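The briefing after it is grouped by topic.

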Amino acid sequence: MTDKKLLRALAGEKQAVPPVWLMRQAGRYLPEYRATRAKAGDFLSLCYNPELAAEVTLQPIRRFGFDGAILFADILLIAQAMGSKLWFAEGEGPRLSTITDAAGVAALRPTADIHETLSPVYETVKILASELPKETTLIGFAGSPWTVATYMIAGRGTPDQAPAHAFKAADRAGFAALIDRLSEATIEYLSAQISAGAEVVKLFDSWAGSLKGEDFTEFAEKPAARIIAALKERHPGIPIIAFPREARERYVGFAKATGADCVALDNSVDAAWAAEHVQKDGCVQGNLAPQHMITGGQALVDEARRIVDTFSQGPHIFNLGHGITPQADPDNVSRLLAAIRER
């Protein structure tokens, strides 16, 4: 049995003290991250500089000793590799050129060409595979096709993903073609990360919750199932975490429908409900509200311990229900880890 707690949880082992990592654990809440980003010059330059990207991935491991280290990158790098123009507006987030019809989908670069752009990411993975502590699991990741598509269509993040829904309604075949292209590219991208040394990969479907009914099945479940099946065929035994954020009742059965080894839960679902309805199918990850990393105090300790206790009858990876925010206090991260590990 491996000595890596995170891999043991993904293999279905129930542990008295669950492994811990946090989404966006390398980020703006850490002064050392801000210093490294300043050295890089801008966000995209940081993503594409293997030495600096590896450094910011390692920073929270050195400071906190998390059980998992997630590759520092961005879900929209794959859109850029496929031919979208990508830039980050300071204080406003990502901006992309838009794809609004089937002709735009047809104009995307061939999937085989994405590696030229993404090769620095694979180099970052190789560096991390050699430098991480032996007990720390290296996590690769990508955005799920639906979520990446919403940005490629709108050119930015939107509150309700309305442009993507409009494209889907106006030309379902053209929209499905975009999801198909993104699924192909995501398989290649994650496969390359695994070949470079990633021990686990995670699919982030941040906007899955805006898909309803058959659309959820067609554009969240089925692409995830296709990607997971292809990766497991190429890399037998590779564990995969799926995060269909705000899926609500569709969390139930998601692991069986997609083949995911673990389902990550956002903080809108109650842990007791998820333990009964989702954890019965295998490992779950989550699901502390990120706000606790700002407010701290006894409420943070109590809620973290409640979540651990609630999921204690099955395999569980402790995490937040969404990414840690720039306003988080690093001391609260230390408080969280103590609450979980020093009981």
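In this predicted model, strand β6 (residues 240-244) pairs in the parallel sense with strand β7 (residues 262-264) over two bridges, where strands (E, at least two residues) and helices (H or I, at least four residues) are DSSP runs numbered from the N terminus, and two strands count as paired if DSSP finds at least two bridges between them. Local features need pLDDT of at least 70 and side-chain atom pairs count only at pLDDT 80 or more, whereas totals for chains, interfaces and linings use all residues. Residues are numbered from 1 along each chain as its sequence is written, and side-chain values use heavy atoms, with hydrogens and water left out.

**Strand β6 and its partners**
- Two residue pairs illustrate the link to β7: A242 has V263 as its bridge partner, and I241 has C262.
- On pairing with β5, β6 again runs in the parallel sense, here over five bridges, and I240 of β6 is the bridge partner of V201.
- Five of the five residues of β6 are buried, that is, under 20% relative accessible area with a 1.4 Å probe and protein chains only, whereas exposed means over 50% and partly exposed lies in between.
- Both faces of β6 are covered, with I240, A242 and P244 buried on one side and I241 and F243 buried on the other.

**The whole sheet**
- Seven strands form an open sheet with parallel pairing, in the order β1-β4-β5-β6-β7-β8-β9.
- At the edges lie β1 (68-70) and β9 (316-320), each of which pairs on one side only.
- Neighbouring strands are turned by 25 degrees against each other on average, direction ignored, with axes taken as lines fitted to C-alpha atoms (for helices over the stretch in contact) and angles running from 0 to 180 degrees between N-to-C directions.
- Helix α10 (residues 172-196) packs on the sheet, touching β4 (137-143) and β5 (200-205), and its direction makes about 165 degrees with that of β4; contact here means heavy atoms within 4.5 Å.

**The nonpolar core**
- The largest nonpolar core has 125 residues, and L77 and Y189 have the most contacts inside it; such a core is a set of buried Ala, Val, Leu, Ile, Met, Phe, Trp, Tyr and Cys residues joined through side-chain atoms within 4.5 Å.
- Helix α10 gives the most to this core, with 11 residues.
- Leaving aside neighbours within four places in sequence, the contacts of Y189 include L77, I114, L118, F141 and A142.

**Two buried helix positions**
- T57 lies in helix α4 (residues 50-64) and is buried, with a relative accessible area of 0%.
- The side chain of T57 reaches the backbone oxygen of A53 at 2.8 Å, and, not counting residues up to four places away in sequence, T57 touches A26, A69, I70, L71, F72 and L128.
- A81, found in helix α5 (residues 77-81), also counts as buried, at 0% relative accessibility.
- With residues up to four places away in sequence not counted, A81 touches R109, I114, T117 and L118.

Definitions and conventions:
A polar contact is a pair of N or O atoms within 3.5 Å; within protein, one must be able to donate a hydrogen and the other to accept it, and residues adjacent in sequence count only if both atoms are side-chain atoms.
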